[in-house]
Every structure is written in C-alpha cells, then in structure tokens.
Amino acid sequence: MSLGVDHPWVLVLLLLAVLPWLRSPYRRTAVGAIAVVPADRLSTWLRHGLRGAGALAIAFIVLALSGPYAGGRTVSRVGTGAQLVLLLDRSGSMNDTFAGRTPAGAEESKASATKRLLRDFIGRRPHDLFGVAAFSTAPMLVLPLTDHQDAVLAAVNASDRRGLDFTNIARGLGMALSMFAADRPDEHHVILLVSDGGAVIDPHVQDQLRAAFARYRADLYFLFLRTAGSKGLFDTPAPGEDTPQAMPERFLHLYFQTLGIPYHAFQAESPQQVEDAIRQVDALERYPITYTERLPRHDLTGWAYALACLPTLVLLAAKLAEARITPRAQATTAQATAVVSPRRRDAA
C-alpha cells in the first residue's frame, strides 16, 4: 500500500525532534557533592527513554500536521466496455409524447422515457467512459468523457429540460466526435445519437463529418424516436417526395450508411421499443477496454495523533512524578554528606 502526505513541506519540522536531546524540560536540582550519588543504570535508561519519548511525540505531531494517507494510487485495469458519447436531442418536440402531444397524467415524454432508460443503461456499464453532449439550434457540451457515474447520471437527468425548436444534428455530431482522442487506436469510440427528427446536412458539412468519423474511428448508433404520424427512417417515399426536404429522416439514415463506419439504426415508437434498442446497443458494445481506477485513500491523521498521545502521556506522567527538593531537604542532604565524609576518612 502506497503512503503519502498532503503537505510535504510540513515534514521539514521533523528537525524539531532533536530538541529533547539538546535540552531537558524537567527541573534541575543542585547537588552539593555529586560523589555521594551512586551510579544508577535505571536513571540513565529513564533519561534516554524520556528524551526518546519527547522526540517521538514531536515527530508524530508533525506527521499528523502533514496530512498522511495510505492508498489513493491509480491502477490500470482491463474491463469490457467503450468510450461512449450520448448525443441527445434537446429540441422542443422531445418534450412531447410518442403520440405527439403534451404529456398528461402518467404519460411520459420522449425525453423523460429516454432519460429513465439511459440511466439503467449507464448503471449496467460500470467500466465505460461516458460523455454527454446535446444539440438543438447549437451543440452543447454537457459533460466530457468520465468514469464518474454520478456525474454522468446528473447530466442525463438534465436532458428532459425544454429545449428549442430546431435540430442541428451535424454540429452535434461534430462536438461528439471532438470529445474522443484521435491518437489512441486501442480505444473503442461510440456515439449514441438519440433524436426524434432529421435534418438536412449541407454537402460540404457531410464531407467534413465523413473525414472526422474516419479520423476518430467511431461507431454510430442512431436511436430515432418516431412520433405517431411522422415520417420514419425506413419509409418508402411517395412519388415526388424522395427529397431531403420532404423526408430528412430517411436521407439522414442513407447518409449515415455512406460514412464507412459500423452504423446501426433503431426506430422506436414507444418507451418499450426504446428499451429494446438500448439493450441491443448494450449487447453489441462489449469490447476489451483498458481503464484507470483510482483506489480510495485512507486518512491516517487520526492514527498519527493517537501515536503522538502515547509518548506525550509518558512525558506527562514523568512531569507529574517529578520531585521538588526544598531547602530543608537540601540541608538534610548536606548534613548526611558531612557525616559520611569523616567515616570515609576513618576508614582510609
């Protein structure tokens, strides 16, 4: 397990741990004749032990102030998934039901049904990197690619807010592609386009998108939410209606087929069909993916303070047990010294 600190500069204060070896915090008492005090190995060990306890107390307090932690390193893992951008239509028609009317009672709008089902889809793919983009009149970068599912779910939750009336799919696709890294051939890129309408794409813009798809090597899934009575992706055109202006959804589908990339189209006319389509995407996009995972950190500050308390309690006990020698006791000691000295001379 890796160890680290949040504030490495605080560790410079570890030099203070030498102070107990330079100066003692305990009371000094003058002794008239040091010769009368016999050599005491226990006292020597106590002196060194108390100084060591002082050094440890300072060291652990400094360590606690530096913010120690264990773990928190980043590891590479191999899972199953993809880098997937959810490209969501935010036009005003997405707030209607599949029947083309304002939701009433228990009815769901197309945006609300898609939001609910996409949340389940995200929950089933814990190792994917998800990004979220939206489009109506202009593209909107909602969330860059990330493995934080809470952030992805929050971005999807906002997808049913009322949007504008226009559908500019081309600019939305351009933004979705720009969220990938073109220099990583080992990554699998996927765009899930969710829209209830088509749009006429200028031929010049078509060429730019075709080049961008070739550069980023992205798969494309088109989930078309068909409103009752509207034109569909697979409808046969009536005489005189086979034009991009009359059937933009059909021509958008035909254009996607010319991109030279893996492309799948799903046409859904109810929430159940949306769920079936999303489950098919979930089953198709199962590729080995290398991703990084940051292991959680364990804060060791409390342990450092706890370890600092042990030598501090030893120092406190030694301080409370410290004896004060009064002048009367010093006189008694001097008398004892005077008595002991003649006896030593007689013995000599």
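Mentor: Start with the elements, since the rest refers to them: helices here are DSSP runs of H or I with at least four residues, strands are runs of E with at least two, and both are numbered from the N terminus. By that count the protein has 10 helices and 11 strands. Keep in mind that the model is predicted.

Trainee: Why is Arg226 called buried?

Mentor: The cut-off for buried is under 20% relative accessible area. Arg226 has 18%, so the label applies.

Trainee: Which residues does Arg226 touch, outside its sequence neighbours?

Mentor: Leaving out residues up to four places away, Arg226 touches Phe98, Lys231, Gly232, Asp235, Gln267, Ala268 and Glu269.

Trainee: What makes the pairing of the Arg226 and Asp235 side chains a polar contact?

Mentor: The limit is 3.5 Å between N or O atoms, with one able to donate a hydrogen and the other to accept it. The two side chains are joined at 3.2 Å, so the pair qualifies. The Arg226 side chain also reaches the backbone oxygen of Ser230, at 3.0 Å.

Trainee: Now Glu285. Is Glu285 buried or exposed, and how do you know?

Mentor: Its relative accessibility is 0%, so Glu285 counts as buried. The residue sits in the loop between helix 8 and strand 10 (287-294).

Trainee: What surrounds Glu285?

Mentor: Apart from residues up to four places away in sequence, Glu285 touches Gly81, Ala82, Arg125, His188, Val190, Asp219 and Tyr221. With Tyr221 there is a side-chain polar contact of 2.5 Å.

Trainee: Why is strand 4 called largely enclosed?

Mentor: 7 of its 7 residues are buried, so the rest of the structure largely encloses strand 4.

Trainee: How do you know which faces of strand 4 are covered?

Mentor: In a regular strand, side chains alternate between the two faces of the sheet. In strand 4, Gln83, Val85, Leu87 and Asp89 are buried on one side, and Leu84, Leu86 and Leu88 are buried on the other; both faces are therefore covered.

Trainee: What makes strand 4 and strand 5 a pair?

Mentor: The requirement is at least two DSSP bridges. Strands 4 and 5 have 7, in the parallel sense, and Leu87 stands opposite Ala133. The chain passes from strand 4 through helix 3 to strand 5 in a right-handed β-α-β crossover. Strand 4 also pairs with strand 7, in parallel over 6 bridges, with Val85 opposite Ile191.

Trainee: What joins strand 5 to strand 6?

Mentor: A hairpin through 3 residues. The two strands pair in the antiparallel sense over 5 bridges, and Phe135 stands opposite Pro139. Strand 5 itself has 6 of its 7 residues buried.

Trainee: What makes a group of residues a nonpolar core?

Mentor: The members are buried residues of listed types, Leu and Val among them, joined through side-chain atoms within 4.5 Å. The largest such core has 30 residues, and Leu86, Leu118, Val132, Leu192, Leu223, Leu225 and Val274 touch the most other members. Helix 3 contributes the most to this core, 5 residues. A second, separate core of 29 residues includes Ala176, Met179, Leu220 and Phe224.

Trainee: Last one: why is helix 7 said to be largely enclosed?

Mentor: Of its 10 residues, 7 are buried, so the rest of the structure largely encloses helix 7. Those residues are Pro248, Glu249, Arg250, Leu252, His253, Tyr255 and Phe256. Their cover includes helix 5, strand 7, helix 6, strand 8 and strand 9.

Terms used. Residues numbered from 1 in each chain as written. Predicted model: local features only at pLDDT ≥ 70, side-chain atom pairs only at ≥ 80, totals over all residues. Heavy atoms only, no water. Buried < 20%, exposed > 50% of the residue type's maximum accessible area, 1.4 Å probe, protein only. Contact = heavy atoms within 4.5 Å. Right-handed = clockwise from strand over helix to strand, strands pointing away.
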